[in-house]
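Here's a quick tour for anyone meeting this protein chain for the first time. Have a look at the model, then read on.

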Amino acid sequence: MTSAPCRLCEAAGLVAEQRAEGLALVDEAGVLTDVAMPAEGTDAHVTLLVAEHLATGQRQRRTDGVGTAPATGMREHDIADFLHEAKGRYGRYWRKSAREPGAERELATIAIDRLEKLRLAVRMAGFIQPLPALARFALGEAEIRESRGASTRAAGLRLEST
């Protein structure tokens, strides 16, 4: 007899994936969502940066021994401050309007909206609360390819499976 998740996978074109938090049905083709992550473009890159920043804070709280206490999350303006700092490092890869003074507030809102749509974070009482699945994002090295085939190394983000 076929299990319910397998029947659902077959009917919806999904793949069952065992994760630490349980069974996940994954849409590898990306047809069931209008928000992809990871993705290309400034908004997607900023979202990955914010995801990693929130995940780092979450990991740090666990390391400090407060992982069992209710997490307080991060204020939206703290995320905008983080993006202001990140602009110095990554801004040359972002669209021109994202490099304008004060653009980090709009970028923070965009990133938080995307994380909410992906069910990786929630807004609660003025704070952005990361959800457990956000822990999958980790800082790593990305290869930046130049248009003429040359490549340089630059810090970037990669998705880390757990």
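What share of the contacts with a separation of 6 or more comes from residues 24 or more positions apart? In this chain the figure is 51%, with a contact meaning heavy atoms within 4.5 Å.

## Ground rules

This is a predicted model, where local features need pLDDT of at least 70, side-chain atom pairs count only at pLDDT 80 or more, and totals for chains, interfaces and linings use all residues. Residues are numbered from 1 along each chain as its sequence is written, and side-chain values use heavy atoms, leaving out hydrogens and water.

## The overall layout

The protein chain has four helices and seven strands, arranged along the sequence as α-β-β-α-β-α-α-β-β-β-β. (Helices are DSSP runs of H or I with at least four residues, strands are E runs of at least two, and both are numbered from the N terminus.)

Of its 162 residues, 33% count as buried, that is, under 20% relative accessible area with a 1.4 Å probe, protein chains only.

## Inside the core

The largest nonpolar core holds 24 residues, and V50, L54, I79, L83, W94 and L115 have the most contacts inside it. Such a core is a set of buried Ala, Val, Leu, Ile, Met, Phe, Trp, Tyr and Cys residues joined through side-chain atoms within 4.5 Å. Two or more residues each come from α2 (42-63), α3 (76-90) and α4 (103-117).

Leaving aside residues up to four places away in sequence, W94 touches several residues, including T42, L83 and L107.

## A look at A135

A135 sits in the loop between β5 (127-130) and β6 (137-145). Not counting residues up to four places away in sequence, A135 touches A55, Q58 and R59.

How values were computed: Buried means under 20% relative accessible area, exposed over 50%, partly exposed in between (1.4 Å probe, protein chains only).
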